[in-house]
Amino acid sequence: MPISARRAPHSTWRSLATVATSAVLMATFVTPAVADSATPRKSRPVYAYDKAIREAVWVDTGLDGDRDGNNDRVAVDIVRPSEPAQQGRKIPVIMDASPYYSCCGRGNESQRKTYDANGNVVQMPLFYDNYFVPRGYAFVAVDLAGTNRSDGCVDVGGRSDIQSAKAVVDWLNGRGRAYTTRTGSTKAKAGWTNGRTGMIGKSYDGTIANGVAATGVEGLETIVPIGAISSWYDYYFAKGAPLYSSGPDWLSDAIESPEARAKCAHVQQALVDGAPRTGDWTRLWTERDYVKDVRKIDASVFVIHGQQDLNVRPKHFGQWWDALAKHGVERKIWLSQTGHVDPFDFRRAAWVDTLHRWFDHELLGYDNGIDDEPMADIERHPDQWVTTKTWPPRATKTTTLRPGKGARAGVGTLGLRKRSGTETFTDNPTLNETDWAAHIGRSTPEKAGFVTAPLTRDLRLSGSTKVTVTATPTTSTAHLSAILVDLGPDTIRDYSSTGEGITTLTDRTCWGPSTPGDSSCYLKTRAKNAAVDYTIFSRGWADLGNHSSGTGSPLTPGTAYTLTLDLHASDHVVPAGHRLALIVAGTDEGLIDPPSTTPTLTLDLKRTYAKVPLVGGPTAFKKATSGATSAPKGSTSAPEGSPSAPKGSVLGGVGDPSGPARLPGDGA
């Protein structure tokens with residue numbers, strides 16, 4: 001099956017391989033409007049949205065995070081069609097568990113929940129309820145513990161966060177307790193659902209979906225994480241190098257309800273103590289690492305991520321995807337050219353259609369063929385998408401590329417042959433990756449660049465790159481950056497702009513019926529593009545003090561250290577006529593914090609190399625770098641015009657001292 005290998009044998013996912021199985025599923029799930037079809041392609045909007053049941057329950061998490069002597073209850077707002085219950089039929093659930101329903105809002109228009117006088121939800125953010133409820137789904141929006149109308153404390157991806165949502169899945173499957181009020185004793189039952197649940201969400205919300213899936217909870221059939229975190233350490237650090245000037249305690253304080261903030265100082269302190277700014281791996285990070293528990297996943301996974309997402313960096317989807325593949329999890333992926341943007345805002349019509357068919361297949365059991373379609377959709381140019389049967393393609397092979405000295409200092413070569421010699425650069429924390437790339441052909445003191453000859457054929461990199469560096473510092477601390485650059489003119493989405501690759505327009509499109517308090521109509525968007533002379537398509541960072549373990553240590557000046565940087569996963573084609581470059585430097589201003597000293601580092605080129613995922617492997621590289629071709633106009637030794645990283649922009653991330661702090665999921 002092109003989506004992936006089959007799930008583990010204990011999975012509850014059904015194969016629709018026999019007529020008998022299909023008949024059972026149809027009798028259980030199919031609405032009367034489509035029951036006459038042997039293999040229904042799509043659920044239809046046959047239920048009245050304006051008559052949908054809107055209700056709230058509070059689910060017992062079994063925890064007492066706020067230490068008030070009572071189990072925490074999380075608020076669960078539900079919108080479901082009234083007709084199936086009247087007809088004695090049970091329906092599946094689409095669920096978005098979020099900390100942002102009251103503090104920050106969801107989606108490009110920052111929608112928040114609103115309520116009527118009885119405390120029932122009027123406006124559900126996003127289009128999920130408007131579109132899917134008429135098609136026979138319930139939509140459930142969960143306030144994570146410590147947010148909006150829920151008890152407890154926010155612990156930023158820890159046990160409380162994950163249990164907030166897992167407890168709801170358990171309740172939907174008859175294993176948990178819920179109540180009709182926050183403090184009352186009247187129990188609420190979920191007799192209207194068959195328990196089959198799909199979780200969806202962008203950023204923090206998608207992160208919770210990852211974490212809940214990694215518990216192996218029964219009844220969670222699929223997750224759709226959009227720009228989601230797979231390990232919280234990698235949100236705040238890159239192998240010891242701090243990515244932000246603040247830690248998870250800042251995020252927790254920013255999103256907690258006032259009531260929770262007054263009760264949860266002990267959780268705040270635990271986050272401070274457990275996440276030292278040294279970048280050391282601690283037990284706190286182990287608890288928030290979902291990758292290690294991928295083997296437990298019994299749900300399918302549909303991953304969506306922006307390849308230029310500098311908030312939730314693409315490393316998150318890369319390591320998550322690799323682990324899913326290793327354990328044979330059913331999976332599908334979309335990779336855009338955007339930053340931290342929802343597919344509803346970069347590919348709206350195709351997204352709604354694909355998500356519809358995905359949920360129909362995974363939750364209603366419709367044999368609609370989506371599992372036989374290509375595994376990956378990749379945006380190659382703005383609004384230009386290609387598909388690939390598997391991802392990365394099966395022809396992808398890890399290929400070792402090695403830097404060599406050139407005729408000028410800091411301007412070297414990149415090829416297959418092992419070279420010797422050294423290159424030296426001095427950390428300049430006021431410069432960033434765009435400064436380095438713009439001067440790739442010049443001898444500048446802050447970086448060492450290595451470039452292939454102009455390519456005679458297209459060269460595709462698909463997957464994650466690792467760059468091993470052997471460097472001798474002059475001081476006791478040093479941070480390193482490594483980036484891959486496509487040198488040549490192109491038009492790309494302007495991921496460094498405010499919209500991170502999109503422009504929001506003034507007219508709207510509608511996705512389902514509306515009510516007076518909950519419109520299904522959303523502002524349209526279009527791609528915001530930039531003409532560039534180079535494209536940085538993968539990057540990674542590290543603290544050289546973390547060369548030997550997850551714990552940093554002071555460096556001995558004059559001593560050589562070897563360390564491997566994990567670059568972000570990507571799928572990028574360097575076209576014929578362009579050149580591929582590897583740049584190694586110090587602090588990437590706006591993306592990592594500088595070290596406490598200003599080191600000069602000497603690279604041992606014989607022991608420095610990049611392992612890149614090339615489609616076609618070394619043979620493809622040889623063919624692409626053989627022969628002679630002239631570099632295209634615009635790919636000069638000093639290209640200009642690529643997106644920059646202005647101070648205070650999205651590139652600064654959470655707590656960037658040069659600009660406003662951001663949240664995972666904040667903004668577009």
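Strand β6, residues 138–143, is mostly covered: six of its six residues are buried. Buried here means under 20% relative accessible area, exposed means over 50%, and partly exposed lies in between, with a 1.4 Å probe and protein chains only. Strands are DSSP runs of E with at least two residues, helices are runs of H or I with at least four, and both are numbered from the N terminus. This is a predicted model, in which local features need pLDDT of at least 70 and side-chain atom pairs count only at pLDDT 80 or more, while totals for chains, interfaces and linings use all residues. Residues are numbered from 1 along each chain as its sequence is written, and side-chain values use heavy atoms, leaving out hydrogens and water.

Look at the two faces of β6. In a regular strand the side chains alternate between the two faces of the sheet. A138, V140 and V142 point one way, F139, A141 and D143 the other, and all are buried.

Now turn to the neighbours. Two strands pair if DSSP finds at least two bridges between them. Strand β2 (residues 73–80) pairs with β6 in the antiparallel sense, over four bridges. I78 has V140 of β6 as its bridge partner. Strand β3 (residues 91–98) runs parallel to β6, and six bridges join them.

Charged pairs come next. A salt bridge is a side-chain nitrogen of Lys or Arg within 4 Å of a carboxyl oxygen of Asp or Glu. The whole structure holds 37 of these salt bridges. One of them joins the side chains of R106 and D205, at 3.1 Å from N to O. R106 sits in the loop between β3 and β4 (114–115) and D205 in helix α5 (residues 204–213), so the pair ties together parts 99 residues apart in sequence. R106 is buried at 3% relative accessible area, and D205 is buried at 1%.

Follow the chain on from β6. D151 and R182 form a salt bridge of 2.7 Å, N to O. D151 lies in the loop between β6 and α4 (159–172) and R182 in the loop between β7 (178–179) and β8 (193–202), so the pair ties together parts 31 residues apart in sequence. D151 is buried at 13% relative accessible area, whereas R182 is partly exposed at 24%.

A further salt bridge links D383 and R493, 3.0 Å from N to O. D383 is in the loop between β14 (376–381) and β15 (384–388), R493 is in strand β22 (residues 479–493), and the two are 110 residues apart. R493 is buried, at 1% relative accessible area. Elsewhere, salt bridges with shared partners join D68, D151, R182, E259 and K263 into one network.
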